[in-house]
Amino acid sequence: MAGLVEGKVAIVTGAGRGIGQGIAKLMAQEGASVVVVDPGVNVDGSGGDTSIAEQVASEIRDSGGSAAACTESVVSMEGGEKIVQTAVDSFGKLDIVVTVAGILRDRMVFNMTEQEWDDVIAVHLKGTFTVVKHACILFRQQRSGSIVTFSSTSGLYGNSGQANYGAAKDGIAGFTRVVARDMGRYGVTANAISPSAATRMTVSVPDEARDLRAQRGIGSGGGTVEAIRGEPEDIAPFAVWLGSDQAKHVNGHIFHVAEGLVTLLNEPEPVKTIHKEGRWTVEELVRVVPATLGFEIYNPAPAPPPTTT
Amino acid sequence: MSDILQGKVAIVTGAGRGVGRGVARLMAQEGASVVVVDPGVNVDGSGFDASFAEQVASEIRNEGGTAVACTESVATMEGGEKIIQSAIDSFGKLDIVVTCAGILRDRMIFNMTEQEWDDVISVHLKGTFTVVKHACILFRQQRSGRIVTFSSQSGLVGNSGQANYGAAKSGIAGFTKVVARDMGRYGITANSIAPRAATRMIGAIPESANEIRARGGVSGLSEEGELEQLDPDDIAPFVAYLASDYASNINGQTFLVWGGEVSLMSQPRPERSIYNPDGHWPTEELAPLAAGYLTKDIPNPAPAQPSR
């Protein structure tokens with residue numbers, strides 16, 4: 001039986017471990033030739049172990065699949081271009097790009113350093129751009145292609161201690177919506193997955209942030225994000241499906257995937273509106289908002305009542 | 001005028017023109033002392049003109065308000081820190097931060113250069129971080145403060161030709177939600193505004209993007225004619241309200257604001273789901289449900305066009 005992505009060529013960034021590895025392997029099982037991209041850095045972006053990508057590629061080949069390893073970093077334009085070139089050099093074409101590469105540097109916003117900000121934005125957000133941009137040059141010419149990016153509930157809902165990661169991940173969601181609109185007319189699709197899975201990235205959330213959250217009873221996602229469970233491999237089936245021809249009609253959407261649950265998230269839309277002819281005055285807003293827009297509005301982190309001494 | 005911000009000190013970035021200028025002036029009218037931040041760059045981020053910030057500060061002072069000009073750039077950590085310091089040096093404290101500073105470099109994704117990407121991300125996204133981070137150090141100590149950031153419909157919904165801007169603006173929305181959670185416990189609120197208004201930024205959308213949009217039958221988010229009617233000063237009242245003591249319970253939200261309309265935007269919520277209690281989907285079981293239910297008749301914002 002032909003696989004879901006039989007004969008296709010897929011790039012998977014961050015494929016050395018975790019979710020990316022699961023996707024690379026399933027892509028191969030489903031018939032794709034896979035470029036396994038991973039410079040093998042630590043969760044904080046330091047170091048580099050070039051054997052990680054090769055190991056996954058070997059495992060795929062040992063199971064009868066087709067794979068090439070690539071240790072280029074996604075953070076530079078040159079890296080993005082070389083990654084796309086690797087697919088063309090190794091397999092003669094490119095059909096699917098899945099951008100999983102990411103790092104974590106959690107810190108409360110008032111303590112977050114420039115380096116912690118820059119590194120996380122560079123790998124996630126620019127690292128998605130560098131690969132997708134170069135893929136889009138090809139995809140536009142061939143008038144086909146599938147792009148699957150990785151967002152996160154941290155960006156979609158907000159997760160304390162992750163100003164950099166939340167910005168990057170919600171940024172990827174916005175980026176993907178625009179790419180869907182830039183490329184849709186050429187028969188290309190771009191969608192984002194917001195995964196929940198226990199990987200080394202979730203293990204690295206610093207205890208400080210976790211403890212603070214727990215102490216203050218602050219949930220991570222407005223009650224919508226449950227404790228992290230599930231295997232990283234659980235994300236792969238839907239990611240592979242999005243890369244397949246069966247998903248050619250799916251463009252510009254965000255899906256939450258956790259264990260056996262796959263959810264289509266809604267487009268941001270107005271839930272309550274106030275309107276008047278002409279410009280509001282602040283005085284009017286003070287009168288009108290509490291009973292309308294502000295009525296029973298959810299506060300994700302209310303201030304504790306003042307302590308009396 | 002209700003003097004709703006009497007005695008407050010506010011920083012407004014990008015206050016030399018457009019939406020930021022309207023916010024700075026209204027806040028001053030409502031009694032706040034305002035740091036008018038603007039290095040006076042062109043819409044594409046090039047150049048420098050100190051007179052824009054000074055002019056708005058003068059206008060405010062001429063109307064009996066209190067304001068100082070600041071021409072630091074938000075794109076560096078040092079700039080962000082100096083902007084905060086400017087509030088302290090001039091007015092002795094800081095209560096409100098509004099981050100409007102932004103530039104545009106529109107281009108279709110396949111043609112977008114590294115510079116176009118970096119510059120836009122740097123001013124919008126990092127430029128929001130540099131100011132908000134340094135404000136949060138103060139806000140946490142004083143256990144009060146208001147943060148209002150600027151997102152965009154382009155990020156929330158997607159606007160062709162704006163991969164950089166959409167990423168930055170959506171990133172600001174995510175950043176703001178995290179800041180709301182980091183800072184809420186200290187009595188601080190952080191919310192973002194997605195404005196629609198006719199400013200020089202809208203005018204800078206390159207012809208090519210507009211033309212391609214029209215040719216491809218892909219509509220932008222706003223009908224150009226309608227947008228021209230929208231006055232950037234219409235955004236200011238709701239920003240002033242969010243910055244006031246009256247809005248202490250509003251935190252972590254995004255509001256769409258234009259003309260006489262203010263909307264609370266939804267948080268992402270499930271629209272349709274498929275579930276396998278075994279945890280892991282075999283692909284052959286997932287595929288028919290994904291196609292036949294989860295994504296059936298799903299809207300495509302830019303359907304494939306026949307090759308010309």
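The secondary structure of chain A comprises ten helices and nine strands, and chain B has eleven helices and nine strands; helices here are DSSP runs of H or I of at least four residues, strands are runs of E of at least two, and both are numbered from the N terminus. The model is predicted, so local features are reported only at pLDDT of at least 70 and side-chain atom pairs only at pLDDT 80 or more, while totals for chains, interfaces and linings use all residues. Residues are numbered from 1 along each chain as its sequence is written, with chains lettered from A and ligands numbered from 1 in the order in which they are written.

Of the 309 residues of chain A, 61% are buried, a term that applies when 20 or more other C-beta atoms lie within 10 Å of a residue's own; 12 or fewer make a residue exposed, anything in between makes it partly exposed, and C-beta atoms are placed from the backbone. In chain B, buried residues account for 59% of the 308 residues. Contacts, defined by C-beta atoms, placed from the backbone, that lie within 7 Å, reach across the sequence. In chain A, 72% of the contacts between residues at least 6 apart join residues at least 24 apart. For chain B, 72% of the contacts with a separation of 6 or more come from residues 24 or more positions apart.

The largest nonpolar core holds 200 residues, and Ile23(A), Val36(A) and Val36(B) touch the most other members. Such a core is a set of buried Ala, Val, Leu, Ile, Met, Phe, Trp, Tyr and Cys residues joined through C-beta atoms within 7 Å. In soluble globular proteins, nonpolar side chains tend to be buried together. Leaving aside neighbours within four places in sequence, Val36(A) is in contact with Val12(A), Ala15(A), Ala24(A), Ala53(A), Val56(A), Ala57(A), Ala67(A), Ala69(A) and Cys70(A).

Helices α1 (residues 18-29) and α9 (residues 236-243) of chain A pack at an angle of about 55°, with their axes 9 Å apart. Axes are lines fitted to C-alpha atoms, for helices over the stretch in contact, and angles run from 0 to 180 degrees between N-to-C directions. The two helices, α1(A) and α9(A), are therefore oblique to each other; angles under 35 degrees count as roughly parallel, over 145 as roughly antiparallel, 65 to 115 as roughly perpendicular and the rest as oblique. On the α1(A) side, Gly22(A), Ile23(A), Leu26(A) and Met27(A) meet Ala236(A), Pro237(A), Ala239(A), Val240(A) and Gly243(A) of α9(A). By class, this contact has seven nonpolar, two polar and no charged residues. Ala, Val, Leu, Ile, Met, Phe, Trp, Tyr, Cys and Pro count as nonpolar, Asp, Glu, Lys and Arg as charged, and the others, Gly among them, as polar.

A second pair in chain A joins α3 (residues 77-91) and α4 (residues 114-142), at an angle of about 45° and with axes 8 Å apart. Helices α3(A) and α4(A) are therefore oblique to each other, and their crossing is right-handed. Residues making this contact include Met77(A), Ile83(A) and Val84(A) of α3(A) and Val131(A), Ala135(A) and Leu138(A) of α4(A). The classes come to six nonpolar, four polar and two charged residues.

Between the chains, 99 residues of chain B are in contact with 103 residues of chain A. Elements giving two or more residues to the chain B side include α4 (114-142), α6 (163-183) and β9 (270-275) of chain B. Helix α6(B) gives the most to that side, with 17 residues. By class, the chain B side has 52 nonpolar, 31 polar and 16 charged residues.

Asn249(B), in the loop between α10 and β7 (254-258) of chain B, is in contact with Gly294(A), Ile297(A) and Asn299(A), leaving aside neighbours within four places in sequence. With 15 C-beta neighbours inside 10 Å, Asn249(B) counts as partly exposed.

Two further loop residues have a positive phi. Glu259(A), with phi near 50°, lies between β7 (254-258) and β8 (261-265) of chain A and is buried, with 20 other C-beta atoms within 10 Å. Arg143(B), with phi near 55°, lies between α4 and β5 (145-150) of chain B and is partly exposed, with 13 such atoms.

Note on methods: Contact = placed C-beta atoms within 7 Å. Left-handed = near helix turned anticlockwise from the far one by under 90°.
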